[in-house]
Amino acid sequence: MKEKEEQMEREREKEQLKGGKALAEAKAKYEEANIIREAEKRRKEKLESERAMRAIEEQLRRDKEERFGKKFDGTGKAADTASGKTPLQKAESGVKIIKELYPEFKHPDVAENCFKLLRAYLSNLLKDPENEKFRKINKENKAFVERVRKVDGGLIFLRAVGFVDEGNFLVMKEVNAELIKSALQLLN
C-alpha cells in the first residue's frame, strides 16, 4: 500500500511538472503573441502617423502655391519656375539681376567687371568652340569667384547659355553659337 501511495505521489508530481511546463509554454506563447501584437500595433500607428504627416505637408504645399503662386517641391523650397523660359530669357534674367542688384553708384565696377569676364568667356568660346580650355571654367579661380560667382545673377547667366556644374568646374558640353551671340549682345 505504501508503494502504491508513493507511486501515486510520484505520478502527481510528474503531472504537476507536466502542467507547470505546459503552463510555462502557454504563458511564453501568450507573451510572444502579445509582443507581436504590440509591434504590429506600433507599426500601424507609425504608418498612420506618416500618412498624416504627408497629408499635412501636401496641404502646406498647396497653401504655399495658392498664396505665392509658385510650385513647391517636397522640401518646401520653391521649384524652378524659370523652367518655362527659353535659355535666352534665363540669360536676360541673370543680366537684369546683376544690373538691379549692383548699380554703378552703389557698387562701382561690380556689374561691369562681371560683364567683362562673362564677355571674355563667351567671346573665347565663339572664337574657338572646340578648345577644351574655353569650354571649362574653374569655379575656384580667384577672378571667377570675385567677379562672377559672388555676383548674384552671374551663375544664372552662365547656366542659361549652356554651362553645367561638374565638380569644381562649369563645363560647356554643347556650344550653341546662336545663343552665345545673342547672350553676348545682352552684356553690351
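The model is predicted: local features need pLDDT of at least 70 and side-chain atom pairs pLDDT 80 or more, while totals for chains, interfaces and linings use all residues. Residues are numbered from 1 along each chain, and side-chain values use heavy atoms, without hydrogens or water.

Helices (H or I, at least four residues) and strands (E, at least two) are DSSP runs numbered from the N terminus. Helix α2 (residues 87–101) has 15 residues and should span 21 Å at 1.5 Å a residue, which agrees with the 21 Å between its end C-alpha atoms; the expected span is 1.5 Å times one less than the number of residues. Ala91, Ser93, Gly94, Val95 and Ile98 are the buried residues of α2 (buried: under 20% relative accessible area, 1.4 Å probe, protein chains only). These buried residues pack against α3 (110–127), α6 (154–160) and α7 (177–186).

The axes of α3 and α5 (residues 142–149) lie 8 Å apart at an angle of about 120 degrees; axes are lines fitted to C-alpha atoms over the stretch in contact, and angles run from 0 to 180 degrees between N-to-C directions. The pair is therefore oblique, the class left after under 35 (roughly parallel), over 145 (roughly antiparallel) and 65 to 115 degrees (roughly perpendicular). The table lists the residues in contact (heavy atoms within 4.5 Å).

| Helix | Residues in the α3–α5 contact |
|---|---|
| α3 | Asn113, Cys114, Leu117, Leu118, Tyr121 |
| α5 | Ala143, Phe144, Arg147, Val148 |

An open antiparallel sheet has the strand order β1-β3-β2, where pairing requires at least two DSSP bridges. β2 and β3 (residues 169–172) pair over 4 bridges.

Note on methods:
Buried < 20%, exposed > 50% of the residue type's maximum accessible area, 1.4 Å probe, protein only.
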